[in-house]
Amino acid sequence: MPIRINGIEADLPPDPRVSLLDLLRETLHLHGTKKGCNQGACGACTVLVDGERILSCLALAVQYEGRDVTTIEGLSGEGGLHPLQQAFIAHDGLQCGYCTPGQICSALGLFAEVARGAPSAVTADLAAQTVTLSHDELRERMSGNLCRCGAHNGIVAAIAETYDAGRLARAQPSEAAA
Ligand code: FES
Ligand code: FES
């Protein structure tokens, strides 16, 4: 069974030692996903697999047979850039841009984790059913994605704004029904 990258099926590498990151960059020429440390420390290689964020440098491509992988190239569509990409531009959440694809994919994974109430290291109540994405929660949950340029303030602002906009959009139908 092939792997699906941004909705398109691709063959798995015959060599089981090939990382998902190298499959993306070297074989499929999807260079948006970046290789920083290549050892799980920087987050530059973050992609989404079935909506969950993973470090593609630590993943063997063959592990993801039949799975749906989304890279930064898969986020924009006919309507243009993803709202989070637009927010990064609006908030100057990048300088050189090397960490940016990983930051954006990681933040989208973060949104899914918060939506299902997954706690982080700074969540006070581990039994709580819901998580409030406070400033500290956001910074902790993005701490695996490093920016060497110092764009962290803009990155946090872009993610917070996009999360709040999504939350308001999700709240509107129920508010209307109330
Ligand atoms: S390249 Fe994967 S974590 Fe740094
Ligand atoms: S924008 Fe350069 S490393 Fe983050």
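**Salt bridges in the predicted model**

A search of the whole structure, which is a predicted model, turns up six salt bridges. Three of them are described here, pair by pair.

One of these pairs joins Asp68 to Arg4, and their closest N and O atoms lie 2.8 Å apart. How exposed are the two partners? Asp68 has a relative accessible area of 30% and is therefore partly exposed. Arg4 has a relative accessible area of 23%, so Arg4 is partly exposed too.

A salt bridge is also found where the side chains of Arg17 and Asp15 meet, at 2.8 Å from N to O. Asp15, with a relative accessible area of 26%, is partly exposed.

The next pair takes the reader into a helix. The side chains of Glu137 and Arg141 form a salt bridge with an N to O distance of 2.7 Å. Both residues belong to helix H4 (residues 135-141), where four residues, or about one turn of the helix, separate Glu137 from Arg141. Are these two residues buried or exposed? Glu137 and Arg141 are both buried, which means that each has a relative accessible area under 20%.

Definitions and conventions. Residues numbered from 1 in each chain as written. Chains lettered and ligands numbered in written order. Predicted model: local features only at pLDDT ≥ 70, side-chain atom pairs only at ≥ 80, totals over all residues. Heavy atoms only, no water. Salt bridge = Lys/Arg side-chain N within 4 Å of Asp/Glu carboxyl O. Buried < 20%, exposed > 50% of the residue type's maximum accessible area, 1.4 Å probe, protein only. Helix = DSSP H or I, 4+ residues; strand = E, 2+ residues; numbered from the N terminus.
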